[in-house]
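This report covers one protein structure, from its fold to its ring contacts and pockets. The sequence and the coordinates come next.

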Amino acid sequence: MNRFLVCFLLLLCGALLRPAAAESRKVVDDFFVQLECARPEILEGDSCLVTVRVYSLHPIAEVEKIKFPKVKGCRVAPRSVRMVQRRVRRGRTVYYTVDAAQVYVCPEEVGTFRIPECKVAVQVRCPVRGESVYEPFFGLVPKYKAEKRTAQSESIKIAVREVPLKTTEELLKSGKNVF
């Protein structure tokens, strides 16, 4: 009897703690920013496109202007971005996503470069609960309120390698004079 009672209490405690853990995870995953590099490893003298992407569970109304951080040992050239909102699935969750900024990063040396964190401020359209649960059934348009949210991305690293030397066979195929 005691074993049955102990097992029952453990199951009851587990059931009570599980929704609290899911809610705390939901708050963390509700809105976040991520730096995405087109190529994590590039050759010397080449460039790569770095995108600041915003993910949110709610529609994104407006993205404030972002000042991209400076990267030591690299030239940074901004690129104009149209604010196109898409829906993306990550795992089992569907997010609204917007490319907030894009820059070309051109390393000047061989080595590993760290792109620092980027802060983003966004206005998100959160739905306001109606007075009645039957409003969606009768086709009433849902109401939204704008909430300002800020988030910071994690830093990423880009590895820059030297340009490999060509063999004599490759030079002959290209048509250049070898001797």
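## Overall layout

The structure is a predicted model. Its protein chain contains two helices and 11 strands. In sequence order the elements follow the pattern α-β-β-β-β-β-β-β-β-β-β-β-α. The chain has 179 residues, and 27% of them count as buried.

## Aromatic pairs

Searching the whole structure gives three aromatic pairs. One of them joins Phe 32 and Tyr 55, with 4.9 Å between the ring centres and 15° between the planes. This pair is stacked, because planes under 30 degrees apart fall in that class. Phe 32 belongs to strand β1 (residues 31-37) and Tyr 55 to strand β3 (residues 48-56), so the contact ties together parts that are 23 residues apart in sequence. The two partners are classed as follows: Phe 32 is partly exposed at 21% relative accessibility, and Tyr 55 is buried at 5%.

Tyr 55 also pairs with Tyr 95: the ring centres are 6.1 Å apart and the planes stand at 80°, so this pair is edge-to-face. Tyr 95 lies in strand β7 (residues 93-107), so its pairing with Tyr 55 in β3 ties together parts that are 40 residues apart in sequence. Tyr 95 is buried, with a relative accessibility of 5%. Phe 32, Tyr 55 and Tyr 95 together make up one aromatic cluster.

## Charges over rings

Which residue lies over the face of Tyr 55? Arg 90 does, at 5.0 Å from the ring centre. Tyr 55 thus takes part in the stacked pair with Phe 32, in the edge-to-face pair with Tyr 95 and in this contact with Arg 90.

A charge is also placed over the ring of Tyr 144. The charged end of Arg 125 sits there, 4.2 Å from the ring centre.

Asp 99 is a residue of strand β7. Is Asp 99 buried or exposed? Its relative accessible area is 11%, so Asp 99 is buried, the cut-off being under 20%. The side chain of Asp 99 has a polar contact of 2.6 Å with the side chain of Arg 53. A polar contact of 3.3 Å links the side chain of Asp 99 to that of Arg 86.

Ser 56 is in strand β3. Its relative accessible area is 0%, and Ser 56 is therefore buried. The side chain of Ser 56 reaches the backbone oxygen of His 58 at 3.0 Å.

## The largest pocket

The largest pocket holds about 300 Å³ of space. It is lined by 18 residues, and those nearest its centre are Lys 65, Ile 66, Ala 100, Ala 101 and Gln 102. By class, the lining comprises 11 nonpolar, two polar and five charged residues.

Strands β5 (74-79) and β7 each contribute at least two residues to this lining. β7 provides the largest share, with six residues. Strand β7 also contains Asp 99 and Tyr 95.

## The second largest pocket

How much space lies in the second largest pocket? The value is about 210 Å³. Its lining consists of Val 128, Arg 129, Gly 130, Ser 132, Val 133, Glu 135, Pro 136, Leu 140, Val 141, Pro 142 and Lys 143. Of these residues, six are nonpolar, two polar and three charged.

Lys 70 sits in the loop between β4 (60-63) and β5. Lys 70 and Val 105 are 35 residues apart in sequence, and their C-alpha atoms are 9.9 Å apart in space.

Key
Residues numbered from 1 in each chain as written. Predicted model: local features only at pLDDT ≥ 70, side-chain atom pairs only at ≥ 80, totals over all residues. Heavy atoms only, no water. Phe/Tyr/Trp six-rings, centres within 6.5 Å; stacked < 30°, edge-to-face > 60°. Helix = DSSP H or I, 4+ residues; strand = E, 2+ residues; numbered from the N terminus. Buried < 20%, exposed > 50% of the residue type's maximum accessible area, 1.4 Å probe, protein only. Lys NZ or Arg CZ within 6 Å of the ring centre and 35° of its normal. 1 Å grid on protein atoms, 1.4 Å probe; cavity = no way out; pocket = protein on both sides within 12 Å on 5 of 7 lines; lining within 4 Å. Points joined across faces, edges and corners; volume = space filled by probe spheres on them. Nonpolar A, V, L, I, M, F, W, Y, C, P; charged D, E, K, R; others polar. Polar contact = N/O pair within 3.5 Å; in protein donor to acceptor, adjacent residues only side chain to side chain.
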